[in-house]
Amino acid sequence: MSDIAYVNGAFTPLEDAKISILDRGFLFADGVYEVAAIIDGKLIDNEAHVARLERSLNALRLESPVSMGEIIEIEKALVARNGIREGLVYLQITRGAAERDFSFPEGVKATLIGFAQKKNILASPYAEKGIKVVTAPDLRWARRDIKSIALLAQVLAKQAATEAGCQEAWMVDADGFVTEGSSSTAFIVTKAGAIVTRPNSNAILPGCTRRSVLALAEQRALTFEERPFAVTEAYDAAEAFLTSASNLVLPIVEIDGHALGDGVPGPYARELRALYLDFARAL
Ligand code: PDD
């Protein structure tokens with residue numbers, strides 16, 4: 001079965017899914033996106049993803065061509081038509097195709113595209129052995145809370161990680177504090193057993209997985225602190241982990257060559273991954 005994509009109202013084989021070269025997403029990165037996990041054929045934490053999509057659209061005064069309810073139907077159709085039990089669904093809305101001009105075009109309908117992909121997110125080998133992280137300067141703009149399709153800084157950070165033999169990059173502001181991963185939220189666990197992650201602000205994307213993981217930690221009466229942490233504090237942490245729709249919760253065992261704890265996934269990361277999987281499968 002060939003992959004089925006969605007483009008502006010129609011489901012079509014991926015090889016036929018095309019948009020104009022004048023699309024403002026292509027020319028200006030004038031658009032937003034969302035990624036949600038699929039487990040057991042179901043969308044995970046999707047209410048939060050759709051709410052964030054709406055928030056991103058509002059922040060950019062971008063009008064969706066369909067309602068948020070229809071967005072969910074399109075996502076479900078992509079999952080079903082592609083027969084996906086485990087993987088990801090991707091949706092993107094841009095300000096449409098118009099003659100190239102920086103200001104908003106008048107009377108132009110937004111472009112909506114979507115596709116789905118299979119991915120082993122439950123049985124990830126990295127869940128067992130943990131991942132390695134490098135740090136990189138955070139080169140992004142001042143509205144990182146918007147899930148914009150302008151991802152060049154994240155591409156460069158992730159490429160630096162790949163070239164260093166690592167699986168993720170943690171981006172660091174000029175003040176030495178970690179903002180977040182190139183496509184994930186960053187957490188450390190202090191030697192005193194506190195889970196630390198940066199509070200939501202314009203400096204980071206408000207992660208949907210982050211939100212659920214913190215709620216689960218709270219239910220279990222685990223100690224957590226929402227505060228910025230410096231790279232130097234992370235080197236000295238007992239554990240670290242990341243959260244994202246594409247990887248759920250993944251333990252981190254090394255940052256810039258500094259092994260954390262015993263150099264193997266720590267108990268907090270393991271427990272939070274297990275708790276999140278239980279929560280997701282019960283949805
Ligand atoms: N990225 N921070 C950034 C910069 C991200 O791009 C992402 C997700 C997250 C985690 O958010 P969530 O838990 O809602 O997925 C944090 C997605 C997976 C991506 O771009 O592929």
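1. Which polar side-chain atom lies 3.2 Å from a nitrogen atom of the ligand? It belongs to Lys147, and the pair falls within the limit for a polar contact, which is a pair of N or O atoms within 3.5 Å; within protein, one must be able to donate a hydrogen and the other to accept it, and residues adjacent in sequence count only if both atoms are side-chain atoms.

2. Some remarks on the basis of this note come next. This is a predicted model, in which local features need pLDDT of at least 70 and side-chain atom pairs count only at pLDDT 80 or more, while totals for chains, interfaces and linings use all residues. Residues are numbered from 1 along each chain as its sequence is written, and side-chain values use heavy atoms, with hydrogens and water left out.

3. An oxygen atom of the ligand is 2.8 Å from an N or O atom in the side chain of Arg52, and an oxygen atom of the ligand is 2.8 Å from a polar backbone atom of Cys208. The ligand taken alone exposes 480 Å², of which the protein buries 92%; accessible areas come from the Shrake-Rupley method with a 1.4 Å probe, and for residues only the protein chains shown count as cover.

4. The elements that give two or more residues to the shell around the ligand are strand E3 (31-39), helix H2 (46-59), strand E9 (178-181), helix H6 (208-219) and strand E13 (239-244). Helices (H or I, at least four residues) and strands (E, at least two) are DSSP runs, numbered from the N terminus. Of the 20 residues around the ligand, those that come nearest are Tyr33, Arg52, Glu180, Cys208 and Thr209, where a residue is near a molecule or strand if one of its heavy atoms lies within 4 Å of it.

5. Six strands form an open sheet with antiparallel pairing, in the order E2-E1-E6-E5-E3-E4. E2 and strand E4 (42-43) stand at the edges with a single partner strand each, so one side of each is left without a neighbour in the sheet. Two strands pair if DSSP finds at least two bridges between them.

6. Strand E3 is covered on both faces, with Gly31, Tyr33, Val35, Ala37 and Ile39 buried on one side and Val32, Glu34, Ala36 and Ile38 buried on the other; buried means under 20% relative accessible area, exposed over 50%, and partly exposed in between (1.4 Å probe, protein chains only). E3 pairs with E5 in the antiparallel sense over eight bridges, and Ala37 stands opposite Leu88 in E5. Towards E4, E3 runs antiparallel and is joined by two bridges, with Leu43 as the bridge partner of Ile38. In the hairpin of E3 and E4, which has two residues between the strands, Asp40 takes a positive phi near 55°.

7. Strand E1 (residues 4-7) also has both faces covered, with Ile4 and Tyr6 buried on one side and Ala5 and Val7 on the other. Four bridges pair E1 with strand E2 (residues 10-13) in the antiparallel sense, Tyr6 standing opposite Phe11 in E2. In the hairpin that E1 and E2 make, with two residues between the strands, Asn8 takes a positive phi near 45°. E1 is also joined by two bridges to the antiparallel strand E6 (residues 111-118), where Val7 stands opposite Ile113.

8. Finally, Ile21 has its place in the loop between E2 and helix H1 (24-28), and Ile21 is exposed, with a relative accessible area of 64%.
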